[in-house]
Amino acid sequence: MPFRQKITRELKQWGLAGLIVLLALSATMEWTPAREQESTDSQQEKAAATKMYQKVREARATWRDFPGFTADVTVCYNGKCTTGKLVADNQFKIKLTLQDESLSEWSLPKLQSVIGHRKYRQQKPIPATFADQEVDHPLGRLVNIDGKNVSFRLQGDVMTEVHRRSDKSWFTISTLAVLRTKENETLPQVTSVTYRNPQTGEILSNRSNTFAFTRVGKFDLPTTMLTVECGEKFDRNVGSIKLTNHRLLTDSALSQTN
């Protein structure tokens, strides 16, 4: 018996109740693929965001098997200058000795940051999601990290922005230019850090930074850091750090510095 005739006969036998059942089944069959497709797209986008974030993390220049180094230091802050010695050991612990120790409060955290960010860590994938569908932003895609109050803008293999906000603080780090190492890894060249009131969004201060590095052995070590800070009530501070005479530490040299 043809399929159409069979359905017609069954509909007559079932009556109105049978028709309702068939319509319900038909509606279910139509909607199920749509829900499955939406879930697939979401998973694909999440995988793409995670992959993009992983690529950026792996592209950042780090120092593997770092022996430590020493350098002569010149620090200038608002027209006041001093000289001294820097020792960074193979555990990335930093000792800064300046003739004028009053400038250590400003310069030591900056040296700890630029050197500490070079520490090598195995980069296991971290789940990420795209924060929006804006694909043509000048600084790249905005990505959220699952379960964290931090977002990043990613462009190619460069982390162009870091957005971190909590009840107590809110800041954005924008990387406007990068340097490339011999291995084609990225180092910051020009950055801007904006601090806001976490409740109102009002800008509290801004810090502009430039960096330079020099190749010593297989490591790109910092040579200069220039910072311009602008705050409320016309506050403005300018400082620089210059490192020269870089020397990598051997085990014997490290024990002597300790």
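Predicted model: local features only at pLDDT ≥ 70, side-chain atom pairs only at ≥ 80, totals over all residues.
Trainee: Why is Thr191 called buried?

Mentor: Thr191, which is found in strand β9, has a relative accessibility of 8%, and buried means under 20% relative accessible area (exposed is over 50%, partly exposed in between), so Thr191 counts as buried. Across the protein, 33% of the 258 residues count as buried.

Trainee: Which residues is Thr191 in contact with, leaving aside its neighbours within four places in sequence?

Mentor: With those neighbours left aside, Thr191 is in contact with Ser174, Thr175, Arg207, Ser208, Asn209 and Phe211, where contact means heavy atoms within 4.5 Å.

Trainee: What makes Asp146 and Lys46 a salt bridge?

Mentor: The closest N and O atoms of Asp146 and Lys46 are 3.0 Å apart, and a salt bridge is a side-chain nitrogen of Lys or Arg within 4 Å of a carboxyl oxygen of Asp or Glu, so the pair forms a salt bridge. Asp146 lies in the loop between β5 (141-145) and β6 (150-155), and Lys46 lies in helix α1 (residues 3-59), so the pair ties together parts that are 100 residues apart in sequence. Asp146, at 32% relative accessibility, counts as partly exposed, and Lys46, at 29%, counts as partly exposed too.

Trainee: Which residues does Arg215 join in salt bridges?

Mentor: Arg215 forms a salt bridge with Glu183, their closest N and O atoms being 2.6 Å apart. This pair links distant parts of the chain, 32 residues apart, with Glu183 in the loop between β8 (170-180) and β9 (186-196) and Arg215 in strand β10 (residues 203-216). The side chain of Arg215 also meets that of Asp220 in a salt bridge (2.7 Å, N to O). Arg215 is partly exposed at 31%, whereas Asp220, at 14%, counts as buried. The structure holds 10 salt bridges, and Lys110, Arg207 and Glu229 are linked in a network of them.

Trainee: What makes β3 and β4 edge strands?

Mentor: The protein has 3 helices and 12 strands, and an open sheet of 12 strands has the order β3-β2-β1-β12-β11-β10-β9-β8-β7-β6-β5-β4, with antiparallel pairing. Its edge strands, β3 (94-98) and β4 (128-130), each pair on one side only. Neighbouring strands of this sheet are turned by 20° against each other on average, direction ignored.

Trainee: How do you know that β6 and β7 pair?

Mentor: Two strands pair if DSSP finds at least two bridges between them, and 6 bridges join β6 to strand β7 (residues 158-165), so the two count as paired. These strands run antiparallel, and Ser151 stands opposite His163 in β7.

How values were computed:
Residues numbered from 1 in each chain as written. Heavy atoms only, no water. Helix = DSSP H or I, 4+ residues; strand = E, 2+ residues; numbered from the N terminus. Buried < 20%, exposed > 50% of the residue type's maximum accessible area, 1.4 Å probe, protein only. Axes fitted to C-alpha atoms, helices over the stretch in contact; angles between N-to-C directions.
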